[in-house]
Amino acid sequence: VQLQASGGGLVQAGGSLGLSCAASGRTFRSYGMGWFRQAPGKEREFVTTISSGGSTYYADSVKGRFTISRVNAKNTVYLQMNSLKPEDTAVYYCAASLGNMLIMASEYAYWGQGTQVTVSS
């Protein structure tokens with residue numbers, strides 16, 4: 001599966017931004033999907049994941065502010081980010097795995113190219 005992330009940009013603290021990740025292939029509905037992020041000088045970190053059945057799990061740092069969703073008919077997974085903070089600034093990556101509810105980057109076989117999110121204070 002090939003992934004294409006989009007929707008990043010510059011936003012002020014407290015604002016909102018939505019990311020999309022479009023996937024190729026007919027088996028998108030079978031994949032667990034995740035969002036990760038990587039800030040300069042830091043390791044890639046887990047943000048959220050959604051299973052093939054629609055169950056979700058969030059990192060504590062984004063719980064209550066971010067929402068992951070998927071539309072299988074469009075082969076797309078979304079990340080709605082609200083109440084953004086400067087510490088949310090990072091390159092955001094979407095990823096796919098045949099497993100579900102995975103939080104380790106090494107467990108995802110397919111990755112998008114990343115999209116920059118910058119939150120100004």
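Which residue lies over the face of F28? In this predicted model, R70 does, at 4.6 Å from the ring centre.

**View 1. Arginines over aromatic rings.** R70 is placed over the face of F28, 4.6 Å from the ring centre. R44 lies over the face of Y93, with 3.8 Å to the ring centre.

**View 2. The aromatic pair of F36 and F46.** Seven aromatic pairs are present in the structure. F36 belongs to strand β4 and F46 to strand β5 (residues 45-50), so the pair ties together parts that are 10 residues apart in sequence. F36 is buried at a relative accessible area of 1%, and F46 is buried at 13%.

**View 3. The aromatic pair of F46 and Y57.** The rings of F46 and Y57 are stacked, 5.9 Å centre to centre with 25 degrees between the planes. This pair links F46 in strand β5 with Y57 in strand β6 (residues 56-58), 11 residues apart. Y57 is partly exposed, with a relative accessible area of 41%. Ring pairs join F36, F46 and Y57 with Y93, Y108 and W111 in a cluster.

**View 4. W35 and W111.** W35 is part of strand β4 (residues 32-38) and is buried, with a relative accessible area of 0%. Its C-alpha is 9.6 Å from that of W111, across 76 residues of sequence.

View 5. N75, in the loop between β7 (66-71) and β8 (76-81), has a phi near 50 degrees and is buried at 16% relative accessibility. M101, in the loop between β9 (90-97) and β10 (110-111), has a phi of about 55 degrees and is partly exposed at 36%.

Methods: Residues are numbered from 1 along each chain as its sequence is written. This is a predicted model: local features need pLDDT of at least 70, side-chain atom pairs count only at pLDDT 80 or more; totals for chains, interfaces and linings use all residues. Side-chain values use heavy atoms; hydrogens and water are left out. Helices (H or I, at least four residues) and strands (E, at least two) are DSSP runs, numbered from the N terminus. Buried means under 20% relative accessible area, exposed over 50%, partly exposed in between (1.4 Å probe, protein chains only). Rings of Phe, Tyr and Trp (its six-membered ring) pair if their centres lie within 6.5 Å; planes under 30 degrees apart count as stacked, over 60 as edge-to-face and the rest as tilted. A charge sits over a ring if NZ of Lys or CZ of Arg is within 6 Å of the ring centre and within 35 degrees of the ring normal.
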